[in-house]
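Colleague: I'm new to this one. Can you walk me through a few spots?

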Amino acid sequence: MKSLGITRFLPIGLHVSGNRILQRHYTNGVLKNLYISTPIFYVNAAPHIGHLYSAALADCIARYRSMLGHSTFLSTGTDEHGNKVETAANVAKIPVSDYCTQISKQFKEMCDKFSVNYSAFIRTTEQCHFEAVHHFWNVLDARGYIYLGKYSGWYCTSDEAFLTDIELDEIIDASGKTIKVSKESGHPVEWTEEDNYKFRLSTLRDELKYWIKRETTIRPAKYHKILSKWIEEDIDLHDLSVSRPTSRVPWSIPTPQNKNQSVYVWLEALVNYLTVLGYPNDTYKEFWPPSLQIIGKDILKFHGIYWPAFLIAAGLEPPQTLLCHGHWTVDDRKMSKSKGNVISPFEAATNFTEEGLRYFILREAVPYSDANYSDNKILRTINAELADTLGNLISRCTGKIINPWGEVPNPIEFADVLKSDIAIQTIKITECLGDNAQSHYEDYNLHNVVDVTMAALRMVNQMIEHHKPWLLSKRIDNQDSVMELKAVISVALESVRISTLILYPIIPRLANNILDFLVIPNEKRTWYDTASQYQKKSLPNERNFDRNGMILFKRIKVS
C-alpha cells in the first residue's frame, strides 16, 4: 500500500508587494485534516446533472481520503444573492427569500438523496455569512487592498461580471446590429461607468504566479496551462471592482462602510468557503487551507485568480488544489433551458436509481473534457457493470446450489488449491488491485478506477466459467471437488470484497450493502483493507452470510 506524506506549513519566505509584506507559507503535501468543497451552487435554477456531478465528485474524493485515515470536512451549499436570483424569484412570483429557501432545499435534498455526506451545508443568506463577509472585507480594507474609485468597462448583467476586451466577441443580433457578447456565455454586455470600491488585484501578480507554479495547484494539467497563461499575460489582473451600487443590485450584502454599495457577488460568494468553517472564529484554522476545491470550468477565473488573490491579500493561505472539470452535454448537445434538455437528477433517478445514476456520472466523466449524458448509455453501463459483472458474480457464489453452506471461505486456507492459469492470474490481479486503483484515485481519474476494478471482476467471472462450480457442487461427496469448489468461491468473493471496498467512494450505499452481506466488520473497511488476504490475514477464519439479507443491484428495464 502506498504511503502518503503528511506535512503542515512550510515557511518559504517573505515578499514585499507595494508597502505590504506577504508571507509565503503554502502547504506542501497531504495534511491529516482535509477540507474539500463543492462549488457553491447558484439558486437561479433547480439542480441539474452537472450540479450532481460536482457534489458526487467531491463526496467521492472525501470518502476515499477518509478511508486512508484522514479527518475530512466536506462543504457544500447555495449562493443566494445577485440579480439573477431576484429575477428568477420574480418570474416565480414569490418573495426572493422564499424562492431562495425553496431552491436551496432542492440542492440539499439532492445531496441527501445521492449520498453526498457533507459536513456542513452553507447558505449565503445566513447571518453568520453576512458577518464573515464584513469581517473579510474589513481585513482587506485594513491591509490596504480596497480603495474607492471609478470603474468603467464592459459589464455582463447575466454573468454579473465586468469583462475585458479579450473576453468579448462581436456578433450580429437579430436586428442586424453589431453587439459585443461574452465569449464564455454568449450573453450581451454594455459599457458601464460607476463609482465603486476596487481591489488591488494588479499588485498580486507575482503572488499568483508563485502560488500557481506547482502543477498540482490546478488539476488537470489542461486547466493549469490555461490559468497560467492568463496570469503570465496579465489577463484579468487589472484592479477589480468589488462593489456595485445597491440600487443596481438590491438583493445583496452591503459593504460595511457604505450601505449604498453592495459587495460584489464573486467576492461575497467565495467567502462561503471560510464561513462554513466558522470564520472569523479561530475554529476555521483546524481545516484551513482547503485541500481540494471542486469547480466547473466556467468558474475557473473566479476561483483561480480572484479567490487566491483575495486570500493572499487577507493573509490567508490559498487552496492547495483546484480540481476543474468540464460540462455535461445531453446526447451530444449542449444542455440548456432553451433546448428543453436540462436533466433533473431527481427525474433521472426514478429510472436508474440514485446509486445507479451516481455510479454512471462518476464512471463516465473525465475532468479534462465534457461528459455526455445518454439514457441508453446509462442503461447499458449500469446493467452490464453493476447488475451483471458485480451483482451476478455475487449471486453465483452465494446461491444455494453452488454455496449450500452459506460460507465465505477463508482465502488463506484455499490460496494454493487452484492450479489453472486463469485462477493464478486472477489472484495476481487481485493482489495488486488496491494499489492500481489508488494511483487512479490520486489522479482523480475515477473512470480508470472503475475500469481496473471491472476488468478484475470480469476475469473472476472467466475463472468461474473455467472451473464450473455448478458441476463441482454435484460432487460434494468428493473431498477434492469440495476443496476446488470452496477455492473458487474463496477467490471470487475475495475479489468481490476488495472491489467493493475500492468502489465504496463511488457507490457508498450499494458497497455498504454488499460488505454487510459478506460480514465485513466496519473497522475492516479502510483503504488498507484493499490489500489481499493472500498477503495478510486479518479477517475471521469463517464467515457465514444470511441470504435473506442480500441486497444487490437489480437489472433495470426502462420502457
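This is a predicted model: local features need pLDDT of at least 70, side-chain atom pairs count only at pLDDT 80 or more; totals for chains, interfaces and linings use all residues.

Colleague: Back up to α6 itself. How many residues does it have, and what should they span?
Modeller: Helix α6 covers residues 221-232, which is 12 residues. At 1.5 Å a residue, they should span 16 Å. The end C-alpha atoms are 16 Å apart, so the two agree.

Colleague: Which residues in α6 are buried?
Modeller: Tyr223, His224, Leu227, Ser228 and Ile231. They cover an arc of only 135 degrees around the axis, so they sit on the same side of α6.

Colleague: Why would residues three or four places apart point the same way?
Modeller: An α-helix has 3.6 residues a turn, so residues at that spacing point the same way.

Colleague: Let's go to α9. Where does leucine 300 lie, in which helix?
Modeller: Leucine 300 lies in α9, which runs over residues 300-313.

Colleague: Is leucine 300 buried or exposed?
Modeller: Buried. Its relative accessibility is 2%, and buried means under 20%, so leucine 300 counts as buried.

Colleague: What does leucine 300 touch, leaving out residues up to four places away in sequence?
Modeller: Ile218, Tyr223, Ile226, Leu227, Trp230, Ile295, Ile305 and Cys324. Among them, Tyr223 and Leu227 are also buried residues of α6.

Colleague: How far is leucine 300 from leucine 323?
Modeller: Their C-alpha atoms are separated by 9.5 Å. Along the chain, the two leucines are 23 residues apart.

Colleague: New topic: holes. How many cavities of 30 Å³ or more turn up?
Modeller: Three, from a search of the whole structure. The largest cavity holds about 60 Å³ of space.

Colleague: What lines the largest cavity?
Modeller: Gly82, Asn83, Tyr155, Glu160, Arg244, Val249, Ser262, Val263, Tyr264 and Val265. Five are nonpolar, three polar and two charged.

Colleague: How does the lining of the second largest pocket divide?
Modeller: Into seven nonpolar, seven polar and five charged residues.

Definitions and conventions: Residues are numbered from 1 along each chain as its sequence is written. Side-chain values use heavy atoms; hydrogens and water are left out. On a 1 Å grid over the protein atoms alone, a cavity is a set of points where a 1.4 Å probe fits but cannot get out, and a pocket is an open set with protein on both sides within 12 Å along at least five of seven lines; lining residues have an atom within 4 Å of a point. Grid points are joined across faces, edges and corners, and a volume is the space filled by probe spheres set on the points. Ala, Val, Leu, Ile, Met, Phe, Trp, Tyr, Cys and Pro count as nonpolar, Asp, Glu, Lys and Arg as charged, and the others, Gly among them, as polar. Helices (H or I, at least four residues) and strands (E, at least two) are DSSP runs, numbered from the N terminus. Buried means under 20% relative accessible area, exposed over 50%, partly exposed in between (1.4 Å probe, protein chains only). Contact means heavy atoms within 4.5 Å. The expected span of a helix is 1.5 Å times one less than its number of residues. The arc is that of the directions from the helix axis to the C-beta atoms.
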